[in-house]
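Reader: I have a structure open and would like to go through it with you. Could you take my questions as they come?

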Amino acid sequence: MATVTFDKATRIYPGSTKPAVDALDIEIADGEFLVLVGPSGCGKSTSLRMLAGLEDVNGGAIRIGDRDVTHLPPKDRDIAMVFQNYALYPHMTVADNMGFALKIAGVNKAEIRQKVEEAAKILDLTEYLDRKPKALSGGQRQRVAMGRAIVREPQVFLMDEPLSNLDAKLRVSTRTQIASLQRRLGITTVYVTHDQVEALTMGDRVAVLKDGLLQQVDTPRNMYDRPANLFVAGFIGSPAMNLVEVPITDGGVKFGNSVVPVDRDALSATTDKTVTVGVRPEHFDVAGPDSDLGVAVTVNVVEELGSDAFVYGTAKVGSETKDLVVRVGGREVPEKGSTLHVVPRSGETHVFSTSTGARLSD
Ligand SMILES: Nc1ncnc2c1ncn2[C@@H]1O[C@H](COP(=O)(O)OP(=O)(O)O)[C@@H](O)[C@H]1O
Ligand SMILES: [Mg+2]
């Protein structure tokens, strides 16, 4: 087992001037499950492929444990990768697929069989070992791809969107299986997904990328509670955080009629006339109809989820009309067209610089 270090690792594709991954700095602990997340094209696969040795590194270094692997070929890195399309050999049985890398490495037949059977037991594949991939369900194929990685007992697992070919329900159950399997095996894992829910539920820590640049690397809880900038604030959480640009008045910040606390030094450091206030849908309290706090939201659409509901509405904040999303209890659902007075809960607001996007509040 081993740590993994991206040390200002940079990839510039031939013919491009802009790095696809720009000075990526992450230190991953031994046994950690780290998730790389971000929108399509942000550099997740490139980062993973640099670690795998499938992509040249044009600047910086990559280390596994204390070995500098920056320019080592993939086979010398002691890693195993699970791809999105599984890349199973159609003409081979499940057992042969799982043992193929060991066969290439010259491991003897008895030992291969033993490792394949062990992995099959862990993955609930024992009864399918003699089948061909086409006679398996999507979820079973996904587990064969996992099995192929497990039998190699690598120092690091790399997974690039391994669940994206599964239907929604299977994706949810499989992500729990992968996370618990990883914890059991204790093998350092770097996992790529574009799905922020998958990232938050699976990762010990989550690294958010945008345009090849690392935005924040943190535990799911910290990422949610203290997003480092506007991009992370809008990307993590569903429905997304409400982000509203409001004027700075007398060194303070107001959201409707509510005062939002923000460090005065942070405000005086900016020459901006506005800041962006963020409130998650679940961080509004509903006030009485006569309340003069917060804002009055006109209810446009209500999305009922049983246990709770999301109210999509518009509100005048300052001089502008804004769309807002508010979560309410499942038994306190307002009528469409009615007015809902909401107050951002104290201690649950976020303030960002409108111009740089940087977090200004604590
Ligand atoms: N082989 C390649 N040649 C040139 N550009 C590439 C290549 N692969 C990816 N890119 C570009 O690099 C950026 C990052 O791609 P990628 O790492 O695949 O993103 P992600 O996996 O986050 O969707 C994108 O702009 C993409 O178009
Ligand atoms: Mg990708």
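Reader: Where is P239 placed?

Author: In this predicted model, P239 sits in the loop between α8 (230-235) and β11 (242-249).

Reader: And what kind of peptide bond joins S238 and P239?

Author: S238 and P239 are joined by a cis peptide bond, with omega at about -5°. Most peptide bonds are trans.

Reader: Another backbone point: what is phi of D78?

Author: Phi of D78 is near 60°, which is a positive value in a residue other than glycine. Most residues other than glycine have a negative phi.

Reader: Where does D78 lie?

Author: D78 belongs to the loop between β5 (67-68) and β6 (79-82).

Reader: How far is a polar side-chain atom of T46 from an oxygen atom of ligand 1?

Author: The distance is 2.5 Å for T46. For S45, a polar side-chain atom is 2.9 Å from an oxygen atom of ligand 1. G43 contributes a polar backbone atom, 3.1 Å from an oxygen atom of the ligand.

Reader: How much of the accessible area of ligand 1 does the protein cover?

Author: On its own, ligand 1 has 560 Å² of accessible area, and the protein covers 54% of it.

Reader: Now the helices. At roughly what angle do the axes of α4 and α5 cross?

Author: The axes of α4 (residues 138-150) and α5 (residues 168-185) cross at roughly 15° and come within 11 Å. Angles under 35 degrees count as roughly parallel, so α4 is roughly parallel to α5. Their crossing is right-handed.

Reader: And within what distance do the axes of α2 and α3 come?

Author: The axes of α2 (residues 94-104) and α3 (residues 109-123) come within 9 Å, crossing at roughly 130°. These two helices, α2 and α3, are therefore oblique to each other.

Reader: Is that crossing of α2 and α3 left-handed or right-handed?

Author: The crossing of α2 and α3 is right-handed.

How values were computed:
Residues numbered from 1 in each chain as written. Chains lettered and ligands numbered in written order. Predicted model: local features only at pLDDT ≥ 70, side-chain atom pairs only at ≥ 80, totals over all residues. Heavy atoms only, no water. Polar contact = N/O pair within 3.5 Å; in protein donor to acceptor, adjacent residues only side chain to side chain. Areas by Shrake-Rupley, 256 points an atom, 1.4 Å probe, with all protein chains shown as cover. Axes fitted to C-alpha atoms, helices over the stretch in contact; angles between N-to-C directions. Helix = DSSP H or I, 4+ residues; strand = E, 2+ residues; numbered from the N terminus. Parallel < 35°, antiparallel > 145°, perpendicular 65-115°, else oblique. Left-handed = near helix turned anticlockwise from the far one by under 90°.
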